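Open the model in your viewer and keep the selection panel at hand.

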Amino acid sequence: MAHLYLIPITLGESELNTVIPENHRVIIRSISHFIVENVRTARRFLKKVDKEIDIDSLHFYELNKHTNKNQLHDYLAPIKDKQPIGIMSEAGCPGVADPGADVVRIAHEQNIRVIPLVGPSSILLAMMASGMNGQNFAFNGYLPIQKGEKARQIKLLENRIYSENQSQLFIEAPYRNLQLLDDLLQNCKPQTKLCIACDLTLETEFIKTRSIGDWKKHKPDIQKRPAIFVLGK
């Protein structure tokens, strides 16, 4: 039986050979069915993998917040005909903070072999570079948008840092980065550590861990830059 491959893609416009192993190209070229968050992004990535690839001969199935979950079983149908399928998220690793996990779960239920390929994960890269506790950490996705709810969530996450020794990771829409940073500076203890990891794997990469007190004196320019935030001690 064919397999379901989880294919990492680049984080932004980084050079493919700096973050994706060469043998992945061979695997990707063998696949003609792809489950993707965004078809345009997927097509552009595949052209980076191989400029000669015939994009129009490939089959794409969109999986995002607009997808009817009842369609997901049909997305795996090509495997019954011994056709491998690849899953690609919008950036980074599929299945991690990504709707691809729904298809992976169905694949396991159908005894389809799932093969995760090595590639860049912004969550793990930020955790690695933060200097905070990597033995116990949690990724929380997006924090609430409403200011009051966000403040409560920030304080809850900060409490876990001290009560459970658990590092807390989260993200924000890039155009709201500075607002989130202001909320963190207003609601966290001065001694709490914050790592800001922007533009990971790109030439403009910025990774810095400081205390909240120090960040108040040196606010970085992170607006509209993909970022991971890590709170710890």
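Contact here means heavy atoms within 4.5 Å. The model is predicted: local features need pLDDT of at least 70, side-chain atom pairs count only at pLDDT 80 or more, and totals for chains, interfaces and linings use all residues. Residues are numbered from 1 along each chain as its sequence is written, and side-chain values use heavy atoms, leaving out hydrogens and water.

**The sheet.** Select the five strands of the open, mixed sheet, ordered S6-S7-S10-S8-S9. Strands (E, at least two residues) and helices (H or I, at least four) are DSSP runs, numbered from the N terminus. Two strands pair if DSSP finds at least two bridges between them. At the edges sit S6 (137–142) and S9 (206–211), each pairing on one side only.

Now zoom in on S8 (193–198) and S10 (227–232). They run antiparallel, joined by six bridges. Pick Cys198: its bridge partner in S10 is Ala227.

**The side chain.** Go to Glu158, in helix H8 (147–164). What does Glu158 touch, not counting residues up to four places away in sequence? Asn187, Cys188, Lys189 and Thr192. Its side chain makes a polar contact with that of Thr192, at 2.6 Å. A polar contact is a pair of N or O atoms within 3.5 Å; within protein, one must be able to donate a hydrogen and the other to accept it, and residues adjacent in sequence count only if both atoms are side-chain atoms.
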